[in-house]
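Dear colleague,

Please find the structure below, handed over for your records. My findings follow directly after it.

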Amino acid sequence: MSRLSEAFATDEPAFIPYLAVGDPDIASSKQYVEALVEGGADCVELGLPFSEPIAEGQTIQQAIVRSLSGGITPEAYFEFVDDLDVDVPLVCMTYYNLIFRYGADSGTAAGEGDHTAPGPRPFVKRAAEVGIDGFVVPDLPAEEAGDLRDACDEFDLGLVFIVAPTTTDDRLDTIREQVSGYVYVQARMGVTGAQADVSDRTAESLARIANWDVPKAVGFGISTGDHAARVVSAGADGIIVGSALVDIVADGVENDRATADVADDLREKARELKDGALRGARESPEAQGE
Amino acid sequence: MSSDSSTDGKFGEYGGQYVPEALMPAIEELRDAYERYVLENEDGFVDEFRERLRDFGGRPTPLQHAEHLSDRYGREIYLKREDLLHGGAHKLNNALGQVLLAKYMGKDRIVAETGAGQHGTATAMAAAHLDMPCEIYMGETDIGRQRPNVFRMRINGADLNPVTAGRGTLKEAISETMRDWATNVDDTHYVVGSVVGPAPFPEMVREFQSVISEEVRNQAQERFGTLPDSVVACAGGGSNTMGAFARFVDSEARSASGRSSGRTPREDDDEVNLLAVEAGGSSLAVDEEEGVAPNSASLSTGGQGVLHGARTKVLQDEWGQIVESHSVSAGLDYAGVGPELAYLVDEDRVSAVNVGDDAALEAFHRLSQEEGIIPALESSHALAYVEEVLGPDAEADADGADELGDRIVINLSGRGDKDLETVIEETDKRSIPNAPDMSEFAGGL
């Protein structure tokens, strides 16, 4: 079993929080991730900020801007992961260009730049060294993922793919062949962002992949314990929450709050979400003996 | 319409579809519609497109012999007058094609990004013409420097969504339009404004723009009985570039995995030299500390990368973060470039060259004074390159002069009315030897 699947090894639904590393700085980020794990996280998606995050809504875009302004680089990110003292699987969430370019001699410089890119292997190798267990790459559909898939296989890392409400049956087959670790079920159309309610397309999406042997984690729009409960009772093996947590970090920045206070709030929010997920598991048709 | 192109959306290593999963079905639907309507003329799509380009757009545009420039350079200089197309730039060719295609596909809403505002105005015009609701995303910086186009879009009835992220230019506007599309993909078509983005956009936009080179071929044959020695076009994203080059690139050069050609490639195609002139801005170097490239020369200086759905040449820092580009010309101000153009440069079929802001301004004033045509700052880059190679102050660069040859077609991709405020400001800041004194207007507009 890959380390990524361990997050789903128990009968409990998995809670998978997302934070952008370096938001607003490396030291705070570390405390925030630890707080989330103390609050019940079974796996953490650690965002490596990219300058053109086309799949993100306003909340995470701003987190990425804060982190990039703080000077985060892929190497600083890897050092962060290396220093992190948590005992849950870690997933690197980033955009493909950073994976594709890592290890190039230089970027762009009047005719002296490294015009070819090394491809994903150096990035994956380094990620494996520091303890990353898998990847989510929102701008890399299964068709373009061959090189990254090969590198992940070589270093025994998971490669998570997203299934959207619009994904066709043909494409589901392609994704199923490539996916490992867990499958990320996008609960609704659009970009990331906390919502007042969760989409009822979730149950429909989960039903389409019910017979896949990878765990199904639902994300996009989950922001409360009640959302978590509903998604899990609809059949999800886990929940992914980003924007609702990033909102707490953003509030800390805007109101100049102490890092420890923000971490307390994150821990509490994590408990709410994890408890919601557990409640959802008890209420699920399966638990009711159906 | 010719159909020589790759079937897998790749141009060598470039191109592809690097987009969120939620968009993949829409992109597949678009590819299917593109093949049926555009390549196979299903339901008479191409006939209607051609008719509307003629009656609404004013095609064909002239291939004009520029007498004074010809005297100046001792060569025969021809201007392909895309500035005379309705809206004042080549952009309508693509916008009209895509809005019409969206109608054939049964979509009921159009979104588009715009940089200089030319694509936004063309899309707004096409959408009004074809009765489609239209929303345009435009960076705040560009809104500030392209006000006449902002007014035109609103007057044509389009809604304008300002984009505040980043530096507020084209790159941010594209990202934001992709997010809109990802949210509303069921009923919305995204009219991509250049030969960029995920497949099939680079190929499809090139096909809509290829009417430029198709006309140039015919007009050259009529005018002087042979093909031109060279075609010179400015390159930002590269839509006027690919439009001006497409019918001079034979299918073999375009892609080894090419679909069979609807047009028989001609032996003499390869003898037409194709020059893509990028914006050299104020310098070709990148300030990695600030994340800024003071140029938009991704073909000349960029590295391979993945941006906005395609693998192409990209201005980026050592880690792969996209840097902010710069050009005095908003329409060239972009950190990426069309993947097919990147491929053709690697294959040595297209030469990538560049000229700086000052040279472009000088060329702007020259054409205005000597030929009575106020060119777009984008097109001024193409004019400036010819001046750099053949003008009175040209360095003795025999290769460059040979490459241009005796009969030179310059694609005058747009007119410069939209740029007047910028030109007055920028001219006043520098010493442009051939510019009229405009200090009395600077800062007061």
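K313(B) counts as buried, because its relative accessibility is 6% (buried means under 20% relative accessible area, exposed over 50%, and partly exposed in between, with a 1.4 Å probe and protein chains only). This lysine lies in strand β12 of chain B, residues 310-314; helices (H or I, at least four residues) and strands (E, at least two) are DSSP runs, numbered from the N terminus. Between the C-alpha atoms of K313(B) and E207(B), which are 106 residues apart along the chain, the separation is 21 Å.

Please note that this is a predicted model, in which local features need pLDDT of at least 70 and side-chain atom pairs count only at pLDDT 80 or more, while totals for chains, interfaces and linings use all residues. Residues are numbered from 1 along each chain as its sequence is written, chains are lettered from A and ligands numbered from 1 in the order in which they are written, and side-chain values use heavy atoms, with hydrogens and water left out.

UniProt, in an unreviewed entry, lists K91(B) for "modified residue: N6-(pyridoxal phosphate)lysine"; UniProt positions are given in the numbering used here, feature names are shortened, and annotations may be inferred rather than shown by experiment. K91(B) is found in helix α4 of chain B, residues 91-104. With 16% relative accessibility, K91(B) counts as buried. Leaving aside residues up to four places away in sequence, K91(B) touches Q118(B), H119(B), A122(B), G193(B), S194(B), Q209(B) and S239(B), where contact means heavy atoms within 4.5 Å.

P62(B) is found in the loop between α2 (45-57) and β3 (63-65) of chain B. Its relative accessibility is 39%, so P62(B) counts as partly exposed. Not counting residues up to four places away in sequence, P62(B) touches L79(B), K80(B), R81(B), L84(B) and Q219(B). P62(B) and N273(B) are 211 residues apart in sequence, and their C-alpha atoms are 21 Å apart in space.

Turning to chain B as a whole, its secondary structure comes to 18 helices and 14 strands. Its radius of gyration is 20 Å, close to the 22 Å that the globule rule gives for 445 residues, so chain B is as compact as a globular protein of that length (the radius is taken over C-alpha atoms, and the rule is 2.2 Å times the number of residues to the power 0.38). The C-alpha trace of chain B spans about 55 × 50 × 45 Å along its principal axes. Of its 445 residues, 66% count as buried. Among contacts in chain B between residues at least 6 apart in sequence, 74% join residues at least 24 apart.

Chain A has 12 helices and eight strands. For its 290 residues a compact globule would have a radius of gyration near 19 Å, and the 18 Å of chain A agrees with this. Along its principal axes, the C-alpha trace of chain A spans about 65 × 50 × 30 Å. Buried residues make up 62% of the 290 residues in chain A. Of the contacts in chain A between residues at least 6 apart in sequence, 72% join residues at least 24 apart.

Yours sincerely
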